[in-house]
Amino acid sequence: MKAAVLYENFQPLVVENLELEGPKDHEVLIKLTASGVCHSDLHYIKGDREHPMPVVLGHEGAGVVEETGSGVSYVQTGDHVVLSFVPTCGQCNYCVRGRQNLCDARYQLRGKMLDGTTRLRSGSQEIHHFNGLSTFGEYAVVPEDSLVKIREDAPLDRVALIGCGVPTGVGAVINTAKVKPGSSVVVLGAGGVGLNVVQGAVLAGAESIIAVDIYGNKLENALQFGATHMVDASGEDVIERVRDITRGDMADYAFEVIGSTAAINQALATTKRGGTTVVVGVTPAGAELTIDPDFLHLDRVLMGCTYGSCYPRADMPMLIDMYMARRLKLDELISATLKLEDINSAFEALDQGEVARTIIRY
Ligand SMILES: [Zn+2]
Ligand SMILES: [Zn+2]
């Protein structure tokens with residue numbers, strides 16, 4: 001099967017034919033329909049985050065079950081699925097307490113399948129998996145626990161985005177921060193995930209939704225997703241603008257969706273006393289955050305967030321139902337649809353801040 005392989009940091013992905021071994025115990029072979037190109041993949045290309053190499057990246061995919069390994073009971077051949085980049089075992093301490101996004105299984109993968117071996121190779125060379133998924137290929141063998149069965153009338157080339165960007169952004173608002181109706185919300189960074197924070201804030205009934213970015217095209221997108229105000233951080237004083245817009249109060253909630261320690265500080269400074277800041281962006285490994293503790297002294301809350309604190313098998317089908325009922329925007333997130341051969345240009349556009357989401361269609 002054809003797949004895009006990362007051999008070295010900062011080098012283009014190599015699109016080539018790989019051997020993919022069939023599914024073993026509690027694994028499933030998926031014929032992928034589409035994969036989103038996410039900023040987290042770019043972090044690994046640039047070496048901001050380390051991963052065993054070579055590796056097939058990609059963690060935002062949807063497709064159809066082609067073959068099931070022994071012991072698989074959750075799906076059968078022909079089922080439509082979205083892939084979760086956190087396998088949820090249902091039995092660990094986190095899963096049984098309803099914190100499936102933190103499942104132990106996530107930390108057992110380390111570039112391999114859950115049994116510690118790989119299914120991917122190029123000749124005699126072992127190729128690593130990514131989050132147990134590796135969606136930048138025509139097929140993927142994944143753990144059964146990484147699958148979310150979905151309704152068959154949902155278009156697979158759109159709902160692939162339900163695998164990462166949408167639950168991450170919407171979930172940060174609904175599950176992590178639990179934004180209340182009538183709130184004021186600041187969103188720093190209006191890329192693929194930031195736009196989903198904006199639409200999450202709309203769903204939560206926020207009164208003002210202030211989008212902040214340095215790219216005019218991204219701010220325009222944010223308005224389309226329901227932002228009530230936009231602030232151009234390349235030329236405007238973000239904190240003063242938020243003060244004006246909130247009539248001196250500052251915001252109830254701020255979401256940092258960039259992955260920058262400066263932006264985390266800025267987010268904190270836009271919140272009122274007792275306000276909540278949620279860090280959604282992924283900072284480079286080794287980054288250090290310095291904050292004025294006085295901010296926290298005034299009942300402010302600084303929170304982390306992974307995968308929108310979601311439970312994939314409950315939240316993803318719900319988000320798809322909302323899309324099908326036209327309550328959630330997905331089509332508008334997609335800036336371009338490309339073939340796998342053109343994947344490197346998708347990463348260039350992402351790096352330049354030109355796109356919300358590019359979809360690779362198989
Ligand atoms: Zn992602
Ligand atoms: Zn678990």
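Cys-103 is buried, with a relative accessible area of 0%, where buried denotes under 20% relative accessible area, exposed over 50% and partly exposed the range in between, for a 1.4 Å probe and protein chains only. The model is a predicted one, in which local features need pLDDT of at least 70 and side-chain atom pairs count only at pLDDT 80 or more, whereas totals for chains, interfaces and linings use all residues. Residues are numbered from 1 along each chain as its sequence is written, chains are lettered from A and ligands numbered from 1 in the order in which they are written, and side-chain values use heavy atoms, with hydrogens and water left out.

Cys-92 and Cys-103, eleven residues apart, both lie in the loop between β6 and β7, the strands (E, at least two residues) and helices (H or I, at least four) being DSSP runs numbered from the N terminus. Cys-92 also counts as buried, at 8% relative accessibility. Ideal angles for four tetrahedral donors are 109.5 degrees. The number of disulfides is zero, a disulfide being a pair of cysteine sulfur atoms within 2.5 Å.

The zinc ion (ligand 1) is coordinated by Cys-38 (SG), His-59 (NE2) and Cys-164 (SG) at 2.0 to 2.2 Å, and the spacing of its donor residues in sequence is C-x20-H-x104-C. Distant parts of the chain are linked by Cys-38, in the loop between β4 (27–37) and α1 (39–46), and Cys-164, in the loop between α2 (156–159) and α3 (165–177), which are 126 residues apart. Both Cys-38 and Cys-164 are buried.

Three aromatic pairs are present, a pair being rings of Phe, Tyr or Trp (its six-membered ring) with centres within 6.5 Å, classed as stacked when the planes are under 30 degrees apart, edge-to-face when over 60 and tilted for the rest. Among them, Tyr-44 and Phe-130 are edge-to-face, at 4.9 Å centre to centre and 75 degrees between the planes. Tyr-44 belongs to helix α1 and Phe-130 to the loop between β8 (125–127) and β9 (139–143), 86 residues apart, and both residues are buried. The ring centres of Phe-85 and Tyr-307 lie 3.8 Å apart with planes at 15 degrees, so this pair is stacked. Because Phe-85 is in the loop between β6 (80–83) and β7 (120–122) and Tyr-307 in the loop between β16 (301–304) and α9 (312–324), the pair ties together parts that are 222 residues apart in sequence.

At Tyr-74, the charged end of Arg-313 sits over the ring, 3.5 Å from its centre, and Lys-149 lies over the face at 5.0 Å from the ring centre; the criterion is NZ of Lys or CZ of Arg within 6 Å of the ring centre and within 35 degrees of the ring normal.

Notes: Donors are N, O and S atoms within 2.8 Å of the metal (3.2 Å for Na, K and Ca); water is not among the atoms, so sites may look incomplete.
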